[in-house]
Amino acid sequence: MTAIAEGTANLDSSLRENRVFEPSQEFRAKAHISSLEQYEQMYRRSIEKPEEFWAEAASELEWFAPWTRVLEPGRDGSGFGAKWFTGGKLNLSHNCVDRHATGSRRDKVALLWEGEPGDVRKLTYADLHAEVQRFANVLKGLGIHKGDRVAIYMGMCPELAIALLACARIGAVHSVIFGGFAAHAIVDRVNDSSCVALITQDTSYRRGSEIHLKKIADEALEQCPTIKNVVVYRRTGTPVQMKPGRDVWWDESMLAAEKECPAEWMDAEDPLYLLYTSGTTGKPKGLLHTTGGYAVQTYLTSKYVFDLHEEDVYWCTADIGWVTGHSYVVYGPLQNGATVMMYEGAPNWPECDRFWKIVDAHKVSIFYTAPTAIRAFTKWGVEHVRKHSLASLRLLGTVGEPINPEAWMWFHREIGKERCPIVDTYWQTETGAIMIAPIPGAVPTKPGSATRPFFGIVPEIVSKEGQPITDGKGGLLVFRTSWPSLARAVYGNPERYEQAYWVEVPGSYFTGDGARRDADGYYWLMGRVDDVLNVSGHRLGTMEVESALVAHAKVAEAAVVGRPDDLKGQAICAFVTLEEGHIASDELKQEIRQWVAKEIGALARPDDVRFTEALPKTRSGKIMRRLLRELASGGEIKGDTTTLEDFTVIAKLRENEE
Ligand code: ATP
Ligand code: MG
């Protein structure tokens, strides 16, 4: 269970951010939702009549059989145990592919892919339809049935999306394991859900070298007794070992497979997939998503938050190994019939401008990325960006962590050229789809705020006792009412599901995040409740102190944690990486400490400033403050480190200790 520090959960806010950015007339003119009034009116209706609202959204998709009831509320009216679209039958692969391939989008590009070496592939909806059907038959031929769990361990290539859609087509539950994970992560995940098959590829390209996916998988599978078959996609042609009787080639099996494969009729509450969280706060949880509600909310959020139009080229840079890739590379945009850009490799290969090259080459119009990437771009230097026009862009987005206002401003200025709205989207693996984010043609944005809730979503800021907290003060972010795309379970572990989300604040879903609401009804995420600092009785979220640090001209990234202090309860320890070209010194330390005191008050002045080359992050790029906290208090690192991106970071941090 999340350990919330004693006392009330009120967080003190220190951020002074009051810039507001209105969407341009040009953006508004063609937006689906183009005024604040329209957003507010739709929002009001969505919470007054949620069943009507979500039923209308669901009707934009194709159902094989209609639902009999939109929502069966869960315990105390919350999402716990709630059911959506009871009795409805549908298939997500049908809605992502067939619906378009058999209609007017037949020849429209569905997947627009660029490999790291520069090779390009374009799959139309008709192509995708053919590939998905055949591959679904390959899976069936291996004896895989509805309900079976299938692990997928691949790099970013069209076949990865095809694999997901083929599983969904036959009702197999996919469990994607990020292609950057090592063997033990595969072992844990495959065994946790007894997967019957694994889909992988020979190798994939990353930063100019190859990741030997098949080899890593082979090593893992020695400890995975439930896996009967492995399908291997040939991406690079690098020779791999094939185990007779177990391993088959993707291409050979496709040639032998039947062309047509009708989509299975799935119940709205049938499982769709299983996915593990990033592991920022501890051991990853295997969340189970179901079909109907997930389909509807990923569809609708994609349509409105990304304001998708027929001619858009949409690029979400997330790996499909994360929930963002599931909901906003595959299921959401494809249900909308969008053209989805996919890129295989690293953002700094061969040069630091690779992303901007891709934007110009493929005329990307919507670009959705993570704060960690934005901080890397700022660190690499703006000259890489300014070599390119970026004129095709019209909308930007971020997800994964709170975005510091200075990083937001950089994104706005350098990438969006002060023309593109930025949608800061707050959500989680557990929520399945976006929960809080601006509707870009309607809701003015404020740097660092995820702004207003999506339709049908009712965020609340409460104390540990569940009491509402007044606007302006921080507290726990919860959702009291149900929403369609909520994960229904932690696979095989009902206690963990209940304990992690439904016990801390009785009657509500507890996100684990702290937030405050301002007088305009905007939400400001303040960081994880586990990471809250308690300085002389003041409880500070990490985001605001870090934002002050990042606003210093020489600071690239920052993470703050508390360490025990006799006098103040906790002292603030800041880990800082510098912008290229700056050198660590005692003077700079003092300068930075003073800077924070001036920016947000003496209370937040860091007691220690430690310079480091890099911060410990999860493989999805999020700062792992819990490890820094252990380090700052002089202890050993005890927590789960399986999702740590680079183990040498911790060793280096230790060396730097004074
Ligand atoms: P674990 O639950 O295993 O610790 P995780 O929480 O990092 O891992 P995800 O589901 O990938 O796993 O991330 C969701 C979390 O990311 C949110 O709870 C929140 O802390 C953070 N987050 C995501 N988007 C935003 C955003 N736009 N603003 C602020 N925080 C965000
Ligand atoms: Mg989490």
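**Backbone.** I started with Phe85, which sits in strand S2 (residues 83–86). Helices (H or I, at least four residues) and strands (E, at least two) are DSSP runs here, numbered from the N terminus. Phe85 has a phi near 55 degrees, a positive value in a residue other than glycine. Next I checked Pro350, in the loop between strand S17 (339–343) and helix H12 (354–362). The peptide bond joining Trp349 and Pro350 is cis, with omega about -5 degrees.

**Ground rules.** I noted that this is a predicted model, where local features need pLDDT of at least 70 and side-chain atom pairs count only at pLDDT 80 or more, while totals for chains, interfaces and linings use all residues. Residues are numbered from 1 along each chain as its sequence is written, chains are lettered from A and ligands numbered from 1 in the order in which they are written, and side-chain values use heavy atoms, with hydrogens and water left out.

**Domains.** I then looked up the contacts (heavy atoms within 4.5 Å): 27 residues of domain 1 touch 26 residues of domain 2.

For buried area I used the accessible area (1.4 Å probe) that two parts lose on being put together, summed over both. Between domain 1 and domain 2 the figure is about 2200 Å², and carbon and sulfur atoms give 53% of that. Thr280, Arg375 and Lys379 supply 26% of the area that domain 1 buries against domain 2, more than any other three residues.

**Across the interface.** How many salt bridges cross the interface of domain 1 and domain 2? The rule (a side-chain nitrogen of Lys or Arg within 4 Å of a carboxyl oxygen of Asp or Glu) finds two. I also looked up Arg375, which forms a salt bridge with Glu557, the closest N and O atoms being 2.6 Å apart.

For polar contacts I took pairs of N or O atoms within 3.5 Å; within protein, one must be able to donate a hydrogen and the other to accept it, and residues adjacent in sequence count only if both atoms are side-chain atoms. That gives 13 residue pairs across the interface of domain 1 and domain 2, both residues at pLDDT 80 or more. On the domain 1 side, helices H7 (183–192), H13 (371–380) and H15 (405–415) each supply at least two of the residues that touch domain 2. H13 has the largest share, five residues.

**Ligand 1.** I counted 21 residues around ligand 1 (a heavy atom within 4 Å). The closest are Thr280, Thr281, Thr429, Asp513 and Lys622. A polar side-chain atom of Asp513 is 2.5 Å from an oxygen atom of ligand 1.

**Salt bridges overall.** The count comes to 47. I picked out Lys146 with Asp270, closest N and O atoms 3.2 Å apart. Lys146 is in the loop between helix H5 (125–141) and strand S6 (149–153), and Asp270 in the loop between strand S13 (266–267) and strand S14 (271–276), so this pair ties together parts 124 residues apart in sequence.
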